[in-house]
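Please read them with the coordinates open.

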Amino acid sequence: MKVSTEIAEYKLRNNVPVLDTQREKMVINKNISYLNDRTLDTYISEFSKHLMELSRRRQQECLHTQQTKTC
């Protein structure tokens with residue numbers, strides 16, 4: 001989750017919202033494009049969505065506690 005914290009810091013510095021739906025779709029499609037087995041598309045899509053959801057939750061937590069520097 002260290003990367004999520006770094007992403008939160010970047011987003012705070014650059015006034016970027018935590019959720020960027022278009023960016024997430026691009027990342028998912030990019031991850032799917034790396035697959036050799038197209039039957040795994042759904043799995044990599046769901047995995048990516050879940051991972052990004054967890055990352056967003058951590059980012060929100062970091063941004064919320066930014067004043068106390070606990071992240």
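1. Accessibility terms come up throughout: a residue is buried under 20% relative accessible area, exposed over 50%, and partly exposed in between, with a 1.4 Å probe and protein chains only. By that scale Arg38 is partly exposed, because its relative accessible area is 46%. Of the 71 residues of the protein, 23% count as buried.

2. On provenance, this is a predicted model, in which local features need pLDDT of at least 70, side-chain atom pairs count only at pLDDT 80 or more, and totals for chains, interfaces and linings use all residues. Residues are numbered from 1 along each chain as its sequence is written, and side-chain values use heavy atoms, with hydrogens and water left out.

3. The protein has 3 helices and 0 strands, and its elements run α-α-α from the N terminus on. Helices (H or I, at least four residues) and strands (E, at least two) are DSSP runs, numbered from the N terminus.

4. What radius of gyration does the protein have? The value is 14 Å, whereas a compact globule of 71 residues would be near 11 Å. The radius is taken over C-alpha atoms, and the globule rule is 2.2 Å times the number of residues to the power 0.38. The C-alpha trace spans about 45 × 20 × 15 Å along its principal axes.

5. Contact here means heavy atoms within 4.5 Å. Among the contacts in the protein with a separation of 6 or more, 59% come from residues 24 or more positions apart.

6. Two packed helices are described by the angle between their axes and the distance between the axes. Axes are lines fitted to C-alpha atoms, for helices over the stretch in contact, and angles run from 0 to 180 degrees between N-to-C directions. Angles under 35 degrees count as roughly parallel, over 145 as roughly antiparallel, 65 to 115 as roughly perpendicular and the rest as oblique. A crossing is left-handed if the near helix is turned anticlockwise from the far one by less than a right angle, and right-handed if clockwise.

7. Helix H1 (residues 2-13) and helix H3 (residues 41-64) have axes that come within 8 Å and cross at roughly 55 degrees. H1 and H3 are therefore oblique to each other, and H1 passes H3 in a right-handed crossing. H1 contributes Ser4, Thr5, Ile7, Ala8, Lys11 and Leu12 to the contact, and H3 contributes Ser55, Arg58, Gln59, Cys62 and Leu63. By class, this contact of H1 with H3 has 5 nonpolar, 4 polar and 2 charged residues. For these classes, Ala, Val, Leu, Ile, Met, Phe, Trp, Tyr, Cys and Pro count as nonpolar, Asp, Glu, Lys and Arg as charged, and the others, Gly among them, as polar.

8. For H2 and H3, the axes come within 9 Å and cross at roughly 140 degrees. This pair is therefore also oblique, and H2 passes H3 in a right-handed crossing. On the H2 side are Glu24, Val27, Ile28, Asn31 and Ile32, which meet Asp41, Ile44, Ser45, Ser48, Lys49, Met52 and Arg56 in H3. The residues of the contact of H2 with H3 divide into 5 nonpolar, 3 polar and 4 charged.

9. Leaving aside neighbours within four places in sequence, Gln59 is in contact with Ser4, Ile7, Ala8, Lys11 and Val18.

10. Val18 lies in the loop between H1 and H2 and is buried, with a relative accessible area of 9%. Not counting residues up to four places away in sequence, Val18 touches Lys11, Arg56, Gln59, Gln60 and Leu63. Val18 and Ala8 are 10 residues apart in sequence and 7.4 Å apart in space, C-alpha to C-alpha.

11. Asn15 is found in the loop between H1 and helix H2 (21-33). Asn15 is not a glycine, yet has a positive phi of about 55 degrees. With 71% relative accessibility, Asn15 counts as exposed.

12. Arg38 lies in the loop between H2 and H3. Leaving aside neighbours within four places in sequence, Arg38 is in contact with Ile32 and Ser33. The C-alpha atoms of Arg38 and Met52, 14 residues apart along the chain, are separated by 21 Å.

13. Arg57 has its place in helix H3 and counts as exposed at 55% relative accessibility. Arg57 and Phe47 are 10 residues apart in sequence and 16 Å apart in space, C-alpha to C-alpha.
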